[in-house]
Amino acid sequence: QISDELSELLKYGLEYSLLSNGSFDITIEPLSSLWDFKAKETKVPDINLINDAVKKVDYKNVKLEGNIITLENDDTRIEVGAIAKGYIADKVKDYLLEQGVERAIIDLGGNILCIGGKKDSMPFKIGIQKPFAGHNEVIATMDITDMSVVTAGIYERYFIEDDKIYHHILNPVTGYSYDNNLLSVTIISASSLDADALATICFTLGVEEGIQLVNSIENTHAIFISKDYKFHYSEGFHDD
């Protein structure tokens, strides 16, 4: 038996896992726990451990009925790192609105949620970090009012081994980092939870499929930055 908030979060996580056909999977913990991107001596995990871990990843092994969660497999473990910050940001916004706050920026590191604008009819200026540059170096800025901006990229948690970059956005099928010519995906959405999940999902899908998905979702936009540092936009991005 789990709390109301955890049940709500996992419900969204399972829905996003289904939406992505498992390219985003909240049961990725057996695999993600093998990869330590903060270690002093980083290294690619043993291939046998990776092959064993991917067999344990399957969101269909999680059954959620209200506040009762059932794990169909003893090896199933859940990680909500790809959606928790977005969920928390939305809750913080709800609280601030209840307290009468009219303008604010909620910054959870990679997850930005704006309440209102900087002034009446004046939006906040939100920057997108330039991949592999310093935190203060932006590659683009946007005018944002009452929206969330969330970026998923390969340059925050990664290491290089044998001239190959390994980053934290892992493919549940192969067990290794996604390699699809993308540096980052930024999602702009009213819900920080939606933006958080979609940033990861769209990264896993790649530019073409990712833009198709975003174009199908109302009031949502995206910027994809490919490894040649070119920008790829969702429909109507500049108009909005």
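Predicted model: local features only at pLDDT ≥ 70, side-chain atom pairs only at ≥ 80, totals over all residues.
**Cysteines**
- A disulfide is a covalent bond between the sulfur atoms of two cysteines.
- Cysteine 114 is in no disulfide, and its nearest cysteine sulfur, on cysteine 202, sits 20 Å away. Since a disulfide needs sulfur atoms within 2.5 Å, that 20 Å gap rules the pair out.
- Cysteine 114 is buried, with a relative accessible area of 0%.
- Cysteine 202 is in no disulfide either, and this residue is buried too, at a relative accessible area of 0%.

**The sheet**
- Six strands make up an open sheet, in the order S3-S4-S7-S10-S11-S12, and the pairing is antiparallel.
- Strand S3 (104-107) and strand S12 (231-233) are at the edges; each has a single partner strand, so one side of each has no neighbour in the sheet.
- On average, neighbouring strands of this sheet are turned by 15° against each other, ignoring direction.
- Take S10 (residues 182-189) and S11 (residues 220-226): they pair in the antiparallel sense over 7 bridges. Threonine 186 stands opposite isoleucine 223 in S11.

**Helices against the strands**
- Helix H4 (residues 84-98) lies across S3 and S4 (111-115), and runs at about 20° to S4.

Definitions and conventions:
Residues numbered from 1 in each chain as written. Heavy atoms only, no water. Pairing = 2+ DSSP bridges. Helix = DSSP H or I, 4+ residues; strand = E, 2+ residues; numbered from the N terminus. Axes fitted to C-alpha atoms, helices over the stretch in contact; angles between N-to-C directions. Contact = heavy atoms within 4.5 Å. Buried < 20%, exposed > 50% of the residue type's maximum accessible area, 1.4 Å probe, protein only.
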